[in-house]
Amino acid sequence: MRRFAALFHALDTTTATSEKVAAMAEYFAQAPPADAAWALVFLTGSKLKRVAGAPLMRALVVEASGYEEWLVDECYGHVGDLAETITLLVDAHSDAEADVPLSSWVARLAELPQLPEDRRGSLILEWWHAVPSDQRFLLNKLMTGALRVGVSQRLVVQALAKLSGLPTETIAHRLAGNWDPSAESLRALLAVEDDPVMDADKPYPFFLASPLEAEPGTLGAVDEWLAEWKWDGIRAQVLKRHGVVRIWSRGEERLDGRFPEVEAAAALLPDGTVLDGEILGWAGGSSPLPFGALQKRIGRLKPGPKSLADCPIVLLAYDVLEVDGADVRTAPLVERRAMLDRVLARVPAAIRRSPALPAESWDALSALRTQSRERGVEGLILKRMSSPYQVGRRRGDWWKWKVDPYTIDAVLVYSQPGSGRRSNLFTDHTFALWDEDRLVPVAKAYSGLTDAEIAKLDRWIRANTLERFGPVRSVKPEQVFELAFEAINRSTRHKSGVAVRFPRIVRWRGDKPAPEADRLETLRGLAGGG
């Protein structure tokens, strides 16, 4: 655990990618394989299930610290992070136990929920007093299921490639899907030779498009490119291997059972086929259903007749990655599209090819792009005809040419601290619009401000707090921010009656007083038109 705490500190105190990669490579080279395997799980964004709730933890920190409950609550409200508050208020004993391996801590935490609450509490107190503060912070994060490490999976893959000498594409593929955190799995991950028996459950790493920031004419001749609509659904890979169908989301979540229409159609695919595409709600016509309709299906592990009828599902396939059990990702896109047509020849309409758009000129495509919102899409995707299917976000071959976002001017009403290096700064904000003479929350956003603006806003929030609700503060409704978002839908789950997708801060409107912020009826009007 001491070595993992040192790695966490190294990653948390630098923004240089080369230093992060070097720190991880050094850790994986030196750590015991069982510990390194669990560290890999946490570095790639997975978490343990919560084994201790906030009420128990707060009661225990009162007991362990000797401070009054009100003072602990005051400290928590100021710090904004329970794990960090505990770390600051609880001291380790001088006879702290020897360093416990990370894998052993994971095993201990797995046993904790099976114990009576009083025994759980006494064990947690023992642990707090037995480990140094840096390890105590990580232990608390593991217990609450809230550990987040500030690295991307791409950097983790680079570190493992640097250590093993393997290509990053090989490491990324071996990590895709379910990965068992064991010493044996880690050795197989870093082995020079591939396991000859391919895991039938394993998807391929997804290839991601980059935002198009220049004029499309700078990409060269239009006939060298394939244009498709940018669908607003769930990116997924559908696998049929050894007669079994599996569905993986881009977030590497198994979706089996949730979309039986797609699974039934995929059962008719040739064996040894992997498709890449978009899962959408589609009730006929030429446009998909709004994403809100699809959301109702996402959470249902086994949808009933009403869900199936209200939101029929299709997979719009735009690529094929495996044919007859052979990896075809290195073939040019134009050849893969021909292969896609062949494998879909006898498959029901629940799986269909994403249509190519007519592309006589860039101007013609630009005109089509203006129809995006009325068609229920986000813009266009441009793919070089000669491109292989790569790993991650590689610039140059796949571009997303999205429509300009919606924007509103909204008033800041609530804030709470962020995580990681920003756990002591108020960076997560709630914004509201005017509904007659009252402000109604409509969106939460945390990205878009510079470091200097974050620090300035943090000072303002602390000086203009009205009330505290744990880590959350309500503030004087004075600051206006321009927000951008991709889509808007009517919603019965939100008091405002609308839900926005991917909100982010565009700029701090210091020039605009709060009474001049936008009104809720304006946002609802956008929902009606979009």
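Tutor: Let us begin with the surface: the accessible surface of the protein comes to about 25100 Å², and 51% of this belongs to carbon and sulfur atoms. Such areas come from the Shrake-Rupley method with a 1.4 Å probe, and for residues only the protein chains shown count as cover. The model is predicted, so local features need pLDDT of at least 70 and side-chain atom pairs count only at pLDDT 80 or more, while totals for chains, interfaces and linings use all residues. Residues are numbered from 1 along each chain as its sequence is written, and side-chain values use heavy atoms, with hydrogens and water left out.

Student: What makes a residue count as buried, and what percentage of the 530 residues do?

Tutor: Buried means under 20% relative accessible area, exposed means over 50%, and partly exposed lies in between, with a 1.4 Å probe and protein chains only. By that rule, 50% of the 530 residues count as buried.

Student: How do you know whether the radius of gyration agrees with that of a compact globule?

Tutor: The radius is taken over C-alpha atoms, and the globule rule is 2.2 Å times the number of residues to the power 0.38. For 530 residues the rule gives a value near 24 Å, and the protein has 26 Å, which agrees. Along its principal axes, the C-alpha trace spans about 75 × 65 × 50 Å.

Student: Why is a set of residues called a nonpolar core?

Tutor: The name applies because its members are buried Ala, Val, Leu, Ile, Met, Phe, Trp, Tyr and Cys residues joined through side-chain atoms within 4.5 Å. The largest such core has 70 residues, of which Met 24, Phe 42, Trp 128 and Met 143 touch the most other members. Helix 3 (residues 33-43) gives the most to this core, with eight residues. Apart from it lies another core of 30 residues, among them Ile 279, Phe 291, Val 328 and Ile 351.

Student: Which residues does Phe 42 touch, not counting residues up to four places away in sequence?

Tutor: With contact meaning heavy atoms within 4.5 Å, Phe 42 touches several residues, including Phe 4, Leu 48, Leu 102 and Val 149.

Student: What makes strand 2 and strand 12 a pair, and in which sense do they run?

Tutor: Strands are DSSP runs of E with at least two residues, helices are runs of H or I with at least four, and both are numbered from the N terminus. Two strands pair if DSSP finds at least two bridges between them; strand 2 and strand 12 (residues 398-402) have two bridges, in the parallel sense, and therefore pair. Both belong to an open sheet of four strands with the order 2-12-10-3 and mixed pairing.
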